[in-house]
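Subject: Structure handover

Hello,

Please find the structure below, followed by notes on what was found in it.

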Amino acid sequence: MTEQWVNLAATILLIIAFAMLSQRRVLSLVRLFAWQGLVLSVSTAMVAYSTGQSHLWISAALTLGLKVIVLPIVLHSLIVRLNVRWDVEPLINVPTTMLAGIGLVIFAFALATPISQLAGTVTRSTLGIALASVLLSFLMMIVRRKAVPQVIGFLAMENGLFFAATSATYGMPLVVELGIALDVLVGTFVFGIFFFHIRETFDSLDIRHMEKLKED
Amino acid sequence: MEIVWVLGVPLLGSALLALLGHKRYAPEINIVFSLATLVAAALLVVRVIGSGPMTAFDEQFFVDPFNVFLVALTCLVGFTTAVFSRPYMRVEEEHGRVTAVRLRLYHGAYQLFMFTMLVTLLTNNLGILWVAMEGATLSTVLLVSLYRTPASIEAAWKYFILCGVGLAQALFGTILIYFAAEKVLGGGTVSLLWTQLYEVRHQLEPTVMSLAFVFLLVGYGTKVGLVPLHNWLPDAHAEGPTPISAVLSGLLLNVALYAVIRSKVLVDGALGTEFTGQLMMGFGLLTVVVAALFLSRQRDIKRLFGYSSIEHMGIITFAFGMGGKVAAYAGLLHMTVHSLTKSGIFFAVGHAVQKTGTQNMADIRGLIERNPTIGWGLALGSLAILGVPPFGVFTSEFMILTTAMHEHPWATPFLLFGLAVAFAAIFGKVQPMVFGQSNARRLPHQPALLPVFLHLLLVLMLGLYIPPYLDQWYRQAAALIG
């Protein structure tokens, strides 16, 4: 029973990953990121409930607090303060990106199959999807040319990794998860500071201005 | 107990300097804390030499000959860099390149960086190792952009994004190791402890472990600066303050490679094949050749030595890839001498750049005429890094080359080509900077040259004579990983 619900959550995560890939507006991206966190948190809670792994409750709560509440609020207020609310990404070619994304999903499933066959968790079939969402976020970081969406891609990648850990092994030990959460939190603040530096120096958050350092 | 001191001192130093880092005496505090860490590390070394490998705090930390030698090296270079940084950052402040507030960030983050590296080395938990490695990126990223010039911000952004993405791959690799270990050791923290994994390494599922190693090598390899993942490295070295270039090159790259080697030992046990070694040899050779080719095209002196670091990391990765006791011994020795020489070179380069006011090599001329010590420091350092005897780099490169000729003759031409091209490029560029007509000016603060010559002296000593206890130390570590 839980297996089906977790599979449903995994499917939603994959759809969200594709939606992020094609979303040009930065505020909608933040909203999608919050939804991704929520689905992640709910599916972790479901696994915790069905398997009785008590530390998963804590990581579900941690995900809820950090990725659904704190980070989206921080990102939102950064976007408002930097006044890049209406920024759109002009460069991405949605159909090509989508095709590349589908290719990545197939690759992820091929890579994950041997591992999921070895896994004894109820969630093992979702490992492919977890890996796919990591790769899709990676693709998103590559195709974006603005600083904020790149960072959202980065955070979404971490979500994918978290999901991979839950589906393959019921999550990493709690100390490690707390450590990772701390890194993500500090990282987001450093990114925030960076946005202001970039903006001060280049008058824009477009990282195309930052392609001076090249080999000639 | 010594572990508490080794980790506690820099953490406390970081907290204190976050408050006092802008004060006039902050560089001295920085030196005192770095010295205290070095003393604690020396005590730890004495302890480990006396009583062998040990674990502490429920096996969460452990010390063996391999990591204790890197801890000692890290603390030594951390201390000499703090000594160098005192006059260097004062000059930068007087030139208006940094403000007092940024110096506070600089000093606090410097100690925090030392702390994260020492945690990475000492932790027994592969998950914590990852967390600390990411912490090392986070603590240095704002140091790379310390000058807030467009180029430095770009370099820092690149550093942040590339290393962040790389480390995300390494996290996936760590998850896979945990996944394989869970089958054997059961869940919980115990399945991430390196010592526990080492005991059961032959029982770990080979498919999963080989996949994990690919992710770990790519992930931590990004931080080592392996080609084609090296893009961040020259930029971060060129645009950040020179003390940071020195510790990035001299320490961080070693620490990242340490993580790769720790994983390699486990995966080798699980696979029983040469898969990891071949992968590392391939990456290593590619890195040596590509970095050597890029060397001759550099105009910026710090970029030049950044590429040289990439090249040497390639050599070391290749050495550990070959495996076996001799190659591992040579790899460890090369890690030591590269770290000492390269940070020494960066100290000399830092003073030279301040005296001439440019990083462009075409505009730096005749250092020996106006500043004999800096000129000689740069000249000798460059000769040492190029593997000229009797410096220690020669010894380790010679050992690596002869082992390669014996075991993997096909690789020797690539190595020789890389070394020759690097020699021509660096020698050709350093020679006119050292000799020729001078254009340097006087600076208000005496440069700290003790670190430069201390490092070169140590490298010279390692080339002529390796003390028996150090030899013993390398042998034990090499037996562990070879």
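To begin with one helix of chain B: the buried residues of H16(B) are covered by, among others, helix H12 (301-322), helix H13 (325-356), helix H15 (372-385), helix H17 (412-434) and helix H18 (450-464) of chain B. Helices (H or I, at least four residues) and strands (E, at least two) are DSSP runs, numbered from the N terminus. A residue is buried if 20 or more other C-beta atoms lie within 10 Å of its own, exposed if 12 or fewer, and partly exposed in between, with C-beta atoms placed from the backbone. Two residues are in contact if their C-beta atoms, placed in that way, lie within 7 Å.

This is a predicted model, in which local features need pLDDT of at least 70 and side-chain atom pairs count only at pLDDT 80 or more, while totals for chains, interfaces and linings use all residues. Residues are numbered from 1 along each chain as its sequence is written, and chains are lettered from A and ligands numbered from 1 in the order in which they are written.

Back to H16(B). Its buried residues are Gly392(B), Val393(B), Thr395(B), Ser396(B), Glu397(B), Ile400(B), Thr403(B) and Ala404(B). The helix covers residues 392-407, and its 16 residues should span 22 Å at 1.5 Å a residue; the end C-alpha atoms are 23 Å apart, which agrees. The expected span is 1.5 Å times one less than the number of residues. The loop between H15 and H16 of chain B holds Pro390(B), and the peptide bond from Pro389(B) to Pro390(B) is cis, with omega near 10°.

A cis peptide bond also joins Val227(B) and Pro228(B), with omega about 5°. Pro228(B) sits in the loop between helix H8 (206-224) and helix H9 (232-239) of chain B.

Chain B as a whole has 19 helices and two strands. Its radius of gyration is 21 Å, close to the 23 Å that the globule rule gives for 482 residues, so chain B is as compact as a globular protein of that length. The radius is taken over C-alpha atoms, and the rule is 2.2 Å times the number of residues to the power 0.38. Of the 482 residues in chain B, 63% are buried.

The largest nonpolar core has 248 residues, of which Ala164(A), Val71(B), Ile175(B) and Ala212(B) touch the most other members. Such a core is a set of buried Ala, Val, Leu, Ile, Met, Phe, Trp, Tyr and Cys residues joined through C-beta atoms within 7 Å. Helix H6 (residues 150-185) of chain B gives the most to this core, 22 residues.

The contact between the chains takes 36 residues from chain A and 35 residues from chain B. On the side of chain A that touches chain B, the largest share, 14 residues, comes from H7(A).

Phe57(B) is not a glycine, yet has a positive phi of about 50°. Phe57(B) lies in the loop between strand E1 (54-56) and strand E2 (61-63) of chain B, and counts as exposed, with 10 C-beta neighbours inside 10 Å.

On confidence, the model scores ipTM 0.91 and pTM 0.93. Chain B averages a pLDDT (the predictor's confidence in each residue, from 0 to 100) of 90, and 99% of the residues score at least 70.

Regards
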